[in-house]
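Hello,

Here is the structure I promised to pass on to you. Please open it alongside this message, and then read on for what turned up.

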Amino acid sequence: MSDGLRKGLTSYGDAGFSLFLRKAFIKAMGYSDDALNRPIVGITNTHSDYNPCHGNVPQIIEAVKRGVMLAGAMPMVFPTISIAESFAHPTSMYLRNLMAMDTEEMIRAQPMDAVVVIGGCDKTLPAQIMAAVSADLPTVVIPVGPMVVGHHKGEVLGACTDCRRLWGKFRAGDIDAVEIEAVNGRLAPSVGTCMVMGTASTMACLTEALGLSLPMSATIPAPHAERFRSAEASGRLAAAMALAKGPKPSELLTEASLRNAQVVLQAIGGSTNGLIHLTAIAGRGTHRIDLSAFDQLSREVPVLVDLKPSGDHYMEHFHHAGGVPKLLAQLGELIDLDARTIYGSLRDAVAAAEQVPGQDVIRARNDPIRAEGAMAVLSGNLAPRGAVIKHSAASPNLLQHEGRAVVFDSLDDMAARIDDPELGVAADDVLVLRNAGPQGAPGMPEAGYLPIPLKLARAGVKDMVRISDARMSGTAFGTIVLHITPESAAGGPLALVRNGDLIRLDVAARRIDLLVDDAELARRRAVLPAAAQPAPPRGYARLFHDTILQADQGCDFDFLTGQGGSTD
């Protein structure tokens, strides 16, 4: 039997009075005793006028409520904070852990037997799943879905891979202000998340691979009626899980499911952000992501999904080709199909995968986009605890490269000098950005996609080796080394790089090295200045500064890891 309204009574010293008072006040909203005696399914509301990605959330909520009530349970909608990638200052990553804390505490504080979390924009799904793992209440995850594609001069457009490509052409002078303004109105033709394999799409696919959402839920376009039918089905399932008191996230997030998610991350050409978020999700429970094992998967798992920025298509095409279930079928023995899900097992999803004659979005194993996975983990004297490169979206001729360092000490320094005609930079140099990590920026912004210096862009340079302790949007492309750990603000070797130093990138060998001898590096370390980022005086900023972990630990707060526990 469910606990319903009796769960987590407010502390007044008299349990009978606590329930009496709770029912008295909720009846002020017109609820009957019949409604209040049902199992309760909580439904998060992450809608905000600042969050166009979540523009369809009100409709999704209504569909979930319908499904919950059709199954005989009581839906209760509650708000949490909403994070929108392009509106959050200084970066949405800075607020991910705050959203996770908010969601976890609201699940714990309010009576519910199961919860439906609704998210999409880059950091919202990871935050909600982190919260769900820690609260460990039966949870159904609903992604808001990708936008539909845009069009410009006969070309299909996708936010935000094409926004970066076309902005680069504008910076280089190849298109004018009138055309870039027209593009601006066509890149995002509907609500929903980016329709390329950015972080939002990546996390939706990983959520489905983890078994936390219904089959096909990752790819249904945000405006489509199917999105709302899926939400209704999710509500029905949540009601059943409320009665059964499970399965809980702790039962679903196993070594097998986490490995499945890592395989899918490689196979879809996923966002490098996905690795940080998956590490944080695992860290909330009893499992950990082993970067060396993840890199080994990159040598075994091919990229099979032909989506930008690693391929040519968009999320709606992935959906119509059969979505994640079809991908899992194509991956064969690389996936553990017996991994448990909220609806049964992945084997059930694969058995129902649609066969679409002639589709070329989800490739067969013998006809991959790339024979190796999307991303590699690098080590070397510049990255003692690892760095990541999405080599599926890089320039093949730059994957083994040696060049002079051109160093930017901060985001402000880069903004001030990157377009300076006097900047001493050549096409075969290596652009270096530091103090852009979790603590140094703060918040590890998506600044790793350093722009090509203006004078080189105007000369036709399209890509350069770029390295940083920052992140990069999954929608971006280029030969870019990210998440260098430890970050420079924490004393990592990136802090020791000087202009003109030689840096060698060798992706095949999984190395990123500063070609300076150890004795010289020791001399430089001895004269390093004090911490670049002083501790803020108060509030969330101080909490973030004092407790944020590095990228290889998921950038969670140190006091939140491994703290999963039941709300019972």
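Helices (H or I, at least four residues) and strands (E, at least two) are DSSP runs, numbered from the N terminus. Glycine 492 is buried, at a relative accessible area of 1%; buried means under 20% relative accessible area, exposed over 50%, and partly exposed in between (1.4 Å probe, protein chains only). Its contacts, not counting residues up to four places away in sequence, are Pro486, Glu487 and Arg525, where contact means heavy atoms within 4.5 Å. Asparagine 381 is 111 residues from glycine 492 in sequence, with 9.7 Å between the two C-alpha atoms.

Before going further, a word on what you are looking at. This is a predicted model, in which local features need pLDDT of at least 70 and side-chain atom pairs count only at pLDDT 80 or more, while totals for chains, interfaces and linings use all residues. Residues are numbered from 1 along each chain as its sequence is written, and side-chain values use heavy atoms, with hydrogens and water left out.

The whole chain

The protein chain has 20 helices and 16 strands. A compact globule of 568 residues would have a radius of gyration near 24 Å, and the protein chain agrees because its own value is 24 Å. That radius is taken over C-alpha atoms, and the globule rule is 2.2 Å times the number of residues to the power 0.38. The C-alpha trace spans about 75 × 60 × 50 Å along its principal axes. Of the 568 residues, 60% count as buried. Among contacts between residues at least 6 apart in sequence, 76% join residues at least 24 apart.

Two strands count as paired if DSSP finds at least two bridges between them. Strand E11 (residues 400-408) pairs with strand E12 (residues 430-433) in the parallel sense over four bridges, and phenylalanine 408 stands opposite leucine 433 in E12. E15 and E16 run antiparallel and are joined by four bridges, with isoleucine 503 opposite leucine 514 in E16. These two strands form a hairpin with four residues between them, and arginine 510 in the turn has a positive phi of about 60 degrees.

Also in the loop between E14 and E15 is histidine 483, which has a positive phi of about 60 degrees although it is not a glycine. Histidine 483 counts as buried at 4% relative accessibility.

Where does E4 (residues 139-143) lie? Five of its five residues are buried, so E4 is largely enclosed by the rest of the structure. Thr139, Val141 and Pro143 point one way from E4, while Val140 and Ile142 point the other way. Strand E3 (residues 114-119) runs parallel to E4 and is joined to it by five bridges; the partner of glycine 119 is proline 143. E3, helix H5 (residues 124-135) and E4 together make a right-handed β-α-β unit, meaning that, with the strands pointing away from the viewer, the path from the first strand over the helix to the second runs clockwise.

Helix H12 (residues 273-283) is also largely enclosed by the rest of the structure, because 11 of its 11 residues are buried. They pack against several elements, including helix H4 (92-109), H5 and strand E10 (387-389).

Two cis peptide bonds

One joins alanine 159 and cysteine 160, with omega about 5 degrees; cysteine 160 lies in the loop between strand E6 (155-157) and H6. Another joins alanine 441 and proline 442, with omega about -5 degrees.

Enjoy exploring!
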